[in-house]
Amino acid sequence: MSWLCRVSKLASAITPVVLPSSLNVSQVRSTSFFTKHTAEQLWKGVTSVSNAGKKRGRGKGAGKKMIRDLNRGQVIGVGKVNMVWPGLTTNVVRGKELIAQQQLPEDPDREAKLFKLRNSMGVFRRMKLAPTERGWSGNRLPGRKVGPPDPVGEETYDGFETIVLESKSVFNMTGNLGRKRQMSMFVVTGNGNGLAGFGLGKAIDGKAALKSAKNRAGQRLMYIERYNDHTVCHDFFTQFGFTKIYVKQKPEGYGLVCHRAIKNMCEVVGIKDIYCKVEGSTNIQSLTKAFFLGLLQQKQPEELAEETGYHLVEFRSDTGNFPKVVASPSVTKDDTKNIPSYDEYVMGNRVVLKKKKYPPFYVTHDPIGYMKHLKKTLRYRNMEDVKIKLKTASKYLDIQPAASQVAESSSQTPS
């Protein structure tokens, strides 16, 4: 009984509220969803696929451009039958007047105008880049130049060029947002005169990630020493993680014989002649860090001479292998038996991995016939090289041919 009494007291405490008759509770919507958005947005909503659908593999060809845009020239609500649709093509209410559905007069020239517009569109062609602007693989970002970093205050990056080395999408599993997707950009920038740097940027948008990476690379510049402004100071071995690089100094005109990412790095640094052999992982970021680490650890000839205690002597084939002392230490060692080999010293006692060379098939299958061939051609071996040497010697050293050769040549000339 006590419970019933409490309910009756609660019901008696509630007083009804009477709304005034002047207050209109019903809402009148004078616009619709279709009149708020543009035609392009409406067509995108109809033809595109949701993010959930994309994850399930739907709409793989939705983003591709058609040969002709058939939506061009179309007006929503206007077709073969011209009608006024309240809420679709016009507002529901115009002032205080309620718009009714109404049929408009037919437009006989509508289809002719559409066909004329479609025929004037022509055939769709993909945008083609110039061969010098293309990256490593077509129109993709890796290998392409994207300009200098953004200026910082009054400081500008005049003469700098940025090249994209890596562009990929990465995912991070978060507690609130779930699987979060971002774009990762790895670039290298430099002025081609020894000043260069690299940077990594991540963002949801690809342009924002590229801008972040480019500006970071411009804020982390390093100066690289070069030999005669065209190659590295000396041969060296460098390693980062599982990536190993053997770098060799080359003369002018040799070119860049190396990995395509190292080629772009050399371009922004200002190195024109180099040979690189990569062993192990070819991860772009590890490759970049290993190469820059080796460039920064280069030593001048004076430093090498002081470390070893021996004279640094250069032998060059273009000077007839004439020895030239490049640097001398302050204190010279007298031990002439244990002089370290230059290649082993600068390479850190590392040797490039080479494949075993097998003899040609004709050496093992028919050794007797091959030996006969060598004996027959022995007298003609190096004949072309000797001819070239004699011609150059007679031209530049002013060496006159022998009298027998002059008589022989005169007898061969027609009278």
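This is a predicted model: local features need pLDDT of at least 70, side-chain atom pairs count only at pLDDT 80 or more; totals for chains, interfaces and linings use all residues.
Residues are numbered from 1 along each chain as its sequence is written, and side-chain values use heavy atoms, with hydrogens and water left out.

**The sheet**
- Four strands make up an open sheet, ordered S5-S6-S7-S8 with antiparallel pairing.
- S5 and strand S8 (222-223) sit at the edges with a single partner strand each, so one side of each has no neighbour in the sheet.
- Strands here are DSSP runs (E, at least two residues), numbered from the N terminus, and two of them pair if DSSP finds at least two bridges between them.

**S5 with S6**
- S5 (residues 161-174) and S6 (residues 178-190) run antiparallel and are joined by 13 bridges.
- Three residues separate the two strands in their hairpin.
- Glutamate 166 has phenylalanine 186 in S6 as its bridge partner.

**S6 with S7**
- Eight bridges tie S6 to S7 (residues 195-203), again antiparallel.
- Valine 187 has glycine 199 in S7 as its bridge partner, while valine 188 stands opposite phenylalanine 198.
- Four residues lie between the strands of this hairpin, and glycine 192 takes a positive phi near 75 degrees.

**Helices across the sheet**
- Helices are DSSP runs too (H or I, at least four residues).
- H6 (residues 206-219) lies across S5, S6 and S7, at about 150 degrees to S7.
- H8 (residues 284-296) lies across S5, S6, S7 and S8, at about 155 degrees to S7.
- Angles run from 0 to 180 degrees between N-to-C directions, with axes fitted to C-alpha atoms, for helices over the stretch in contact (heavy atoms within 4.5 Å).
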